[in-house]
Amino acid sequence: GDRAEVLDSLAHPAMAILTALVLFFGLRHFASGAQTMIEDYSHGSTRRALVIFVTILSYGLIATGLFALAKIAL
C-alpha cells in the first residue's frame, strides 16, 4: 500500500504490537544465528569482538526500529 495505508494500519494497537514483536524477536534471532556462525568460523579476540559487534548492532537496530514504530503509531 501507499504511505497513508501503512500509517492507518500501524495506528491500530494490535498491528503496532505485532510489528514490534516481529521486529524484536526477528533481530534477536538474527543475533543468535550470527553469533553461532561467528563462533564456528572465527577464533580468539576476533571472535569476541565480532560477537560484541553483532550484539550491539542487533540491539541498536531494535531500539531504532521500536523508536520509529512508536513515532509512526503515536
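Predicted model: local features only at pLDDT ≥ 70, side-chain atom pairs only at ≥ 80, totals over all residues.
**Exercise 1. What span should the 29 residues of α2 have at 1.5 Å a residue, and how far apart are its end C-alpha atoms?**

Solution. The expected span of a helix is taken as 1.5 Å times one less than its number of residues. For the 29 residues of α2 this gives 42 Å, and because the end C-alpha atoms of the helix are 42 Å apart, the expectation and the model agree. The check can then be repeated on helix α3, which covers residues 44–73. Its 30 residues should span 44 Å, and its end C-alpha atoms are 44 Å apart, so here too there is agreement.

**Exercise 2. Work out how the axes of α2 and α3 are arranged, and describe the residues in their contact.**

Solution. Two packed helices are described by the angle between their axes and the distance between the axes. In this model, the axes of α2 and α3 come within 9 Å and cross at roughly 170°. Angles over 145 degrees count as roughly antiparallel, and therefore α2 and α3 are roughly antiparallel to each other. Sorted by class, the contact of α2 with α3 has 19 nonpolar, four polar and three charged residues.

**Exercise 3. Find which residues are buried in α2 and in α3, and state what they pack against.**

Solution. Start with α2, which runs over residues 13–41, and where Ala 16, Ala 20, Leu 27, Ala 31, Ala 34 and Ile 38 are buried. The cover over these buried residues of α2 includes α1 and α3. Turning to α3, the buried residues are Val 51, Val 54, Ser 58, Ile 62 and Leu 69, and they pack against α1 and α2. As a background to such lists, an α-helix has 3.6 residues a turn, so residues three or four places apart point the same way.

**Exercise 4. Describe the surroundings of Leu 10 and Met 15, and determine how accessible each residue is.**

Solution. Leu 10 is part of helix α1, residues 3–10, while Met 15 lies in helix α2. Leu 10 has 12% relative accessibility and so counts as buried, but Met 15, at 37%, counts as partly exposed. Residues up to four places away in sequence aside, Leu 10 touches Met 15, Ala 16, Thr 19, Leu 69, Ile 72 and Ala 73. Met 15, for its part, is in contact with Ser 9 and Leu 10 once its neighbours within four places are left out. Two C-alpha separations complete the solution: Met 15 and Ala 73, 58 residues apart along the chain, are separated by 9.3 Å, and Leu 10 and His 43, 33 residues apart along the chain, are separated by 43 Å.

How values were computed:
Residues numbered from 1 in each chain as written. Heavy atoms only, no water. Helix = DSSP H or I, 4+ residues; strand = E, 2+ residues; numbered from the N terminus. Buried < 20%, exposed > 50% of the residue type's maximum accessible area, 1.4 Å probe, protein only. Contact = heavy atoms within 4.5 Å. Axes fitted to C-alpha atoms, helices over the stretch in contact; angles between N-to-C directions. Parallel < 35°, antiparallel > 145°, perpendicular 65-115°, else oblique. Nonpolar A, V, L, I, M, F, W, Y, C, P; charged D, E, K, R; others polar.
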